[in-house]
Structure formats: structure tokens, C-alpha cells
Amino acid sequence: MQSSSGLQQHQLIEHVLYASVPEATYPLLLERLKGICDKFEELFDHEATYMLMQYSSNSSAMMSLKLKRSCLANQLKNAWLMKYQGMNDNIRDKTKPTITRTIINVATNRGAPRFLEDMGFRLDFHVVTRGIVFVKDNFRVTVSRIFKVDDPTKETYAEKDLSLLSKNWLIEASCAAPSNIPQDEIGEELKTFVDHMKPLVSMEKIEAR
């Protein structure tokens with residue numbers, strides 16, 4: 001079993017803001033992000049969320065774990081990344097500029113889905129996200145669309161396998177930092193950075209699944 005100090009090394013506080021834009025705004029937003037970011041890369045990920053009901057003597061709670069892997073041709077042999085994502089905090093706190101949540105990322109192997117099922121987890125839903133990830137220092141901005149796919153076991157997906165859920169583009173801006181350092185300044189820095197996307201898009205604290 002991993003020690004508590006070992007877990008703390010992997011535990012991060014993630015700051016997040018969200019928005020969405022219509023197709024007409026998409027080309028202008030890409031040009032703006034290319035101007036303010038250091039680099040960008042293609043995104044083509046398969047994401048699956050697994051749930052487990054936990055019971056105690058007088059209550060029950062649902063635990064979720066997320067698995068993510070790339071479907072890009074040059075990364076198909078990559079393993080799943082497992083992510084624990086805690087509850088969203090600060091959504092209604094107007095003094096805090098971003099949503100914050102505890103996350104733990106763990107690199108796994110290609111047998112991760114079967115492992116979770118053997119542990120009692122059930123697949124809740126799975127989607128494919130396609131778009132672009134922009135990076136500036138420790139900030140990440142993802143511009144993507146979400147697609148429904150029927151078969152969660154396929155290694156990759158062709159265009160015919162993808163069913164678009166919304167024509168709008170989802171924007172997620174995030175920054176993660178160790179949990180043992182002050183967080184307020186990090187949130188302010190992320191908010192200042194995403195304000196460079198105005199007036200094309202205004203990033204907000206939105207409860208996203």
C-alpha cells in the first residue's frame with residue numbers, strides 16, 4: 001500500500017474555468033489562442049467514467065474514476081490514464097476566481113477497464129473528445145467537441161463511428177498545482193490569462209460533469 005506521503009506527491013489542486021462558443025467564433029478563437037500560447041497539439045481522446053456505490057453503516061456515496069487514452073494513430077499503444085477527481089469547490093464563492101478540485105492522476109496499463117470492473121465499478125458513460133489543446137507555461141486551454149460512440153472497446157474510431165452531441169465548441173481552461181502550496185494566487189493567474197480571450201469568450205465557473 002502506498003504511504004500517505006507518497007499519495008500527497010501525486011495529489012494536485014486543479015483550477016478550472018469553462019465556456020462554449022458557436023462555430024462562427026471558432027476560427028477567431030483559434031487565432032487568438034495561437035497568439036497567446038506557446039504551443040498546441042491535436043486532441044483525440046476516448047474518455048470513460050466508472051462509478052462505484054460505497055456503503056457505510058448509515059449512508060452511501062458514489063465514487064467515480066475517469067479513464068482517458070489517446071486515439072491518435074501514433075499513440076494507440078499508450079496506456080490509460082486514471083484520474084480521481086474530487087468535488088468541485090468555490091462554484092458559488094464570488095471571492096474565488098476559479099473552480100478548484102482535488103485530483104490524482106495515475107498512469108495505468110491497457111487492462112485498466114477490466115481492473116475497475118473486477119473491483120465492482122460499472123461504466124457510467126464514455127465519449128470521444130476531438131479538438132486542440134493549447135499550452136502556455138502551466139496553463140492548458142482545450143477547445144473541443146464531444147462525440148457519442150457506441151462501442152467502448154474499440155482501439156480507435158473512424159468518422160462514421162462518431163455522433164456529434166453539440167455543434168458548439170467546449171472551452172476548458174485549467175492549471176494544476178501541488179496541494180501543499182497557497183492556491184489563491186494560482187487561481188488569480190489563470191483568470192488573468194483567460195481574460196485575454198475576451199471578448200470572444202468569457203470563461204466562467206460552471207458545474208461540468
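How many salt bridges does the structure hold? The structure holds 14 of them, a salt bridge being a side-chain nitrogen of Lys or Arg within 4 Å of a carboxyl oxygen of Asp or Glu. This is a predicted model, in which local features need pLDDT of at least 70 and side-chain atom pairs count only at pLDDT 80 or more, while totals for chains, interfaces and linings use all residues. Residues are numbered from 1 along each chain as its sequence is written, and side-chain values use heavy atoms, with hydrogens and water left out.

**Salt bridges**

| Pair | N to O distance |
|---|---|
| Arginine 101 and glutamate 14 | 2.9 Å |
| Glutamate 155 and arginine 110 | 3.0 Å |
| Lysine 154 and aspartate 161 | 3.0 Å |

Arginine 101 forms a salt bridge with glutamate 14; because arginine 101 lies in strand S5 (residues 99–107) and glutamate 14 in strand S1, this pair ties together parts that are 87 residues apart in sequence. Helices (H or I, at least four residues) and strands (E, at least two) are DSSP runs, numbered from the N terminus. Arginine 101 counts as buried at 3% relative accessibility, and glutamate 14 likewise counts as buried at 7%, where buried means under 20% relative accessible area, exposed over 50% and partly exposed in between (1.4 Å probe, protein chains only). Both residues also belong to a network of salt bridges that links Glu14, Lys83 and Arg101.

Glutamate 155 forms a salt bridge with arginine 110, and since glutamate 155 lies in the loop between S7 and strand S8 (163–164) and arginine 110 in the loop between S5 and helix H3 (112–118), the pair ties together parts that are 45 residues apart in sequence. Glutamate 155 is partly exposed at 42% relative accessibility, as is arginine 110 at 45%. In the remaining pair of the table, lysine 154 is partly exposed, with a relative accessible area of 29%, whereas aspartate 161 is buried, at 19%.

**Helix H4**

Within helix H4 (residues 184–194), the buried residues are Ile186, Gly187, Leu190, Phe193 and Val194. They lie on the same side of H4 because they cover an arc of only 125° around the axis, the arc being that of the directions from the helix axis to the C-beta atoms. On the other side of H4, Glu185 and Thr192 are exposed. The buried residues of H4 pack against strand S1 (11–21), helix H2 (26–36), strand S6 (122–136), strand S7 (139–148) and strand S9 (169–178), contact meaning heavy atoms within 4.5 Å.

**Threonine 129**

Strand S6 also holds threonine 129, which is buried with a relative accessible area of 6%. Leaving aside its neighbours within four places in sequence, threonine 129 is in contact with Leu43, Phe44, Asp45, Glu47, Arg145 and Ile146.

**Largest pocket**

About 1400 Å³ of space lies in the largest pocket, a pocket being an open set of points on a 1 Å grid over the protein atoms alone where a 1.4 Å probe fits, with protein on both sides within 12 Å along at least five of seven lines, and its lining residues having an atom within 4 Å of a point. The volume is the space filled by probe spheres set on the points. The lining comprises 43 residues, of which Asp45, Glu47, Lys68, Lys83 and Glu172 lie nearest the centre. S2 gives the most to this lining, with eight residues.
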